[in-house]
Amino acid sequence: MSLQFSVLLSLYYKESPTALYQRLASIFKQTLLPDEIVLVKDGPLTNELENVLEEFLCKFSILKIVSLSQNQGLGRALNEGLKYCTYDLIARMDTDDVAKPDRFEKQLIVFERNSNIDVCSAWIDEFESDISNIISTRKVPERHWEIFHFAQSRCPVNHPVVMFKKSAIVAVGGYKHFPLFEDYYLWVRLLMNGANFYNIQESLLFFRASTGMFKRRGGWRYALDEVRFQRCILKMGFISQLRFAINVLTRFPIRIAPNSLRGFIYKKSLR
């Protein structure tokens, strides 16, 4: 394929060295390798994480490290990383998931065949402990009009497996600091700016799920942040007053429910 692309990751000190190793290894097992990997160190890391990075730096020259002196949060870290990405096509990855071997190849085919596409994501398989233990699959709609409609009630793109055009992201001001909703906020601004979306209708990534993940997506603070986000996209004109009320009334109880119940709802009803 003629298209060149970068991979963009952000890493901070709480992440697992083992998961980081698996993630980086999955990049170099792809059927099509990236032309560069930009990894942002979002603040100081543990020695164990630094050791993993050093091992890969010694082996692969396409790995570039961008260091931030203090933890800035995901949105700001990714914005900094965007500055160092050479190519317009960028594949996002998190540092604790595992890409399937043909992920990049299948997404590049979409961009080669459809020059008007700005954002391409896919489904993800959520696993616990090991990728053989799949607990759910997060499915998102395929076509642009379906994605636009879906976005009015739920996040329409799986961020850990997205590939996008840097030019489209820069055109809307990049990632914004909106804790827990940086990606959703970006998709809304892109949709309102006329960007074209497509979601591949199969899973291209193993996403590491855990009780901790469900815990992070609940509690009063998360619930109130979500209301603030819904109010934000209401003011932008992306959703109506009725849709705002429905979103808040249906999601607020899930956020403040016990963690075990919230996890059950995620696995059974929100996938």
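Guide: We will go from the whole chain to some helices and then to salt bridges.

Guide: This is a predicted model, in which local features need pLDDT of at least 70, side-chain atom pairs count only at pLDDT 80 or more, and totals for chains, interfaces and linings use all residues. Residues are numbered from 1 along each chain as its sequence is written, and side-chain values use heavy atoms, with hydrogens and water left out.

Visitor: How many helices and strands does the protein chain have?

Guide: The chain has eleven helices and nine strands. Both are DSSP runs numbered from the N terminus: helices are H or I with at least four residues, strands are E with at least two.

Visitor: And what share of the residues is buried?

Guide: Of the 271 residues in the protein chain, 53% are buried. Buried means under 20% relative accessible area, exposed means over 50%, and partly exposed is in between, with a 1.4 Å probe and protein chains only.

Visitor: What about contacts along the chain, how many join residues at least 24 apart?

Guide: Among contacts between residues at least 6 apart in sequence, the figure is 78%. A contact means heavy atoms within 4.5 Å.

Visitor: Helices next. At what angle do α1 and α2 pack?

Guide: Helix α1 (residues 17-27) and helix α2 (residues 47-59) pack at about 20°, and their axes are 9 Å apart. Axes are lines fitted to C-alpha atoms, for helices over the stretch in contact, and angles run from 0 to 180 degrees between N-to-C directions. The two helices are therefore roughly parallel to each other; that label is for angles under 35 degrees, while over 145 is roughly antiparallel, 65 to 115 roughly perpendicular and the rest oblique.

Visitor: Which residues meet there?

Guide: From α1 there are P17, L20, Y21, L24 and A25, and they meet E48, L49, V52, L53, E55 and F56 of α2.

Visitor: Why is α7 described as largely enclosed?

Guide: Helix α7 (residues 182-192) has eleven residues and ten of them are buried, so the rest of the structure largely encloses it. After α7 comes G194, with a positive phi near 90°.

Visitor: And in α4, which residues are buried?

Guide: In α4 (residues 103-113) they are R103, F104, Q107, L108, V110 and F111. Seen down the axis of α4, the buried residues fall within an arc of 150°, so they line one face of the helix. The arc is taken from the directions from the helix axis to the C-beta atoms.

Visitor: New topic. How many salt bridges are there?

Guide: A search of the whole structure gives twelve. A salt bridge is a side-chain nitrogen of Lys or Arg within 4 Å of a carboxyl oxygen of Asp or Glu.

Visitor: Where does the salt bridge between E226 and R251 sit?

Guide: The closest N and O atoms of E226 and R251 are 3.0 Å apart. E226 lies in helix α9 (residues 220-235) and R251 in helix α10 (residues 241-256), so the pair ties together parts that are 25 residues apart in sequence. Both E226 and R251 are buried.

Visitor: Is K83 buried or exposed?

Guide: K83 is exposed, at 61% relative accessible area. K83 forms a salt bridge with E80 (3.1 Å, N to O), and E80 is partly exposed at 22%.
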